[in-house]
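Hi,

Here is the structure I promised to pass on.

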Amino acid sequence: MNAPRIVALALASFWAGTSPAAAQSFYQGKTLNLVVGYAVGGGYDTNARLLARHLGRHIPGNPAVVVVNMPGAGSLKSIDYIERSAPKDGTHLNLFDFTQITNSLLTPDKVKIDFRRFKWVGSIAQDLAVCYMWHTVKAKTLAEVRALDKVHMGRTNPGSSSDIQQKIFRKLFDVKVHSVAGYGGSAEAFLAVERGELDGGCLTWSSLPAKWISDSLITPILRLSDATAPDLPASVPSAYAVAASDRDRQIIRVLSAAGEVGKPFVFPLGVPDERVEALRAAFAAAMKDPQFLAEAAKLRQPVSPTFGLEATKILDEVYATPPAIIEAARAVASD
C-alpha cells in the first residue's frame, strides 16, 4: 500500500471517529441531495442510489438521503448547478463524470474548471473500464475486433467517459469504432446493444448488467487500466500491456488516470468544514458497513474507496502532466 493511501485511510479512520455536535444539529431533519449528472438506470445512478440507501444512518442527525438526476452535457450540467445554484450548506453533493477532470486539461476552453477546488468526500471504487462486444459479434479477441469493417458503439455526450474510452479503442488500438450519439444514458445504450443496434461498447465493468456477465452475453476485449475484477476473465489484456509504445502508454495514463478517482462525490466551495468532515466520516463508515458491503456485492459494485486526500494527490499528478503528452492526448480525444 502506497504512502498517500495509508495517510488517506488514517484520516478516514479519524473522520469516522468524529461526530461534530454542530453537524448533528444541522443535519437532523434535513434532506441530503445526491445530484447525479446522468439519467436513471446507468452506472452513475446505480452508484448514487447504493450509497443513498446506507449513508444517512452514518451522518450525525441521520438526514434523509435522496438521489436527484440532472443529466446533460456529460454531467457538466450538474456541476454547474452545484457550483452556481445549489445551497452551499452541505445539503447537496454532486456525483459527476470523472472524465471531465481530463477534459479540463484537454479542452480548458470548454471545461473551465479546476477540480482541485472542490471539497472531496470520496468515491466507492476506482473505475475499471472495459471494451466489450455483444455475443453475436463474431470477434472474440482484440486482433479479431481490429479486422472488423465497422464496430457500432453508443455514446451519451462528447467528452463523457465512454466517449473517451471508445476513442482510445479506435485511435490507439486501430479498432474501426463508429460512435452513435444521442443516448441519454448507459441504460438506453444497453437496450440498443440487446436489440442489435450496437455491437458493443466501452464502459465501467461494474456498470454492465449482471445478466450479461452471468449468461456470457458479452465478450470483454480490452481493459483500459491495470485494475481487474473477480468476475472479469484473467485473459482480458490490459491496454498498458498491449499498447504499441511507451508514448501510447503515457497518453492512456493521461486519459484514464482520473478513473482512479472513481465516481466522485464532492461538495462545492463554501460548505462549512465541519459538515465536510461529517460527510467524510459518514462515507468512511459506510464503506465498512456490512449491509452496504452485502448490497454492493449483490450489485457487482466493487468497493475500493478513494478518500478526499487520496483524490487530491491523483488530481495533482494529472494536472502536472507535461504539455507534450497533454497535446498528444488531446489529439486522441478529439473527433
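Predicted model: local features only at pLDDT ≥ 70, side-chain atom pairs only at ≥ 80, totals over all residues.

Residues are numbered from 1 along each chain as its sequence is written, and side-chain values use heavy atoms, with hydrogens and water left out.

There's an open, mixed sheet of six strands, ordered 2-1-3-10-4-11. (Strands are DSSP runs of E, at least two residues, and helices are runs of H or I, at least four, numbered from the N terminus; two strands pair if DSSP finds at least two bridges between them.) Strand 2 (64-69) and strand 11 (306-307) are at the edges with a single partner strand each, so one side of each has no neighbour in the sheet. Strand 1 (residues 31-36) runs parallel to strand 2, joined by six bridges; N33, for one, has V66 as its bridge partner in strand 2.

Now the cores, meaning sets of buried Ala, Val, Leu, Ile, Met, Phe, Trp, Tyr and Cys residues joined through side-chain atoms within 4.5 Å, with buried being under 20% relative accessible area (1.4 Å probe, protein chains only). The largest has 88 residues, and those touching the most other members include W120, F265 and L279. Helix 12 (residues 273-286) gives the most to this core: seven residues. A second, separate core has 20 residues, among them Y183 and W212.

Cheers

Note on methods. Buried < 20%, exposed > 50% of the residue type's maximum accessible area, 1.4 Å probe, protein only.
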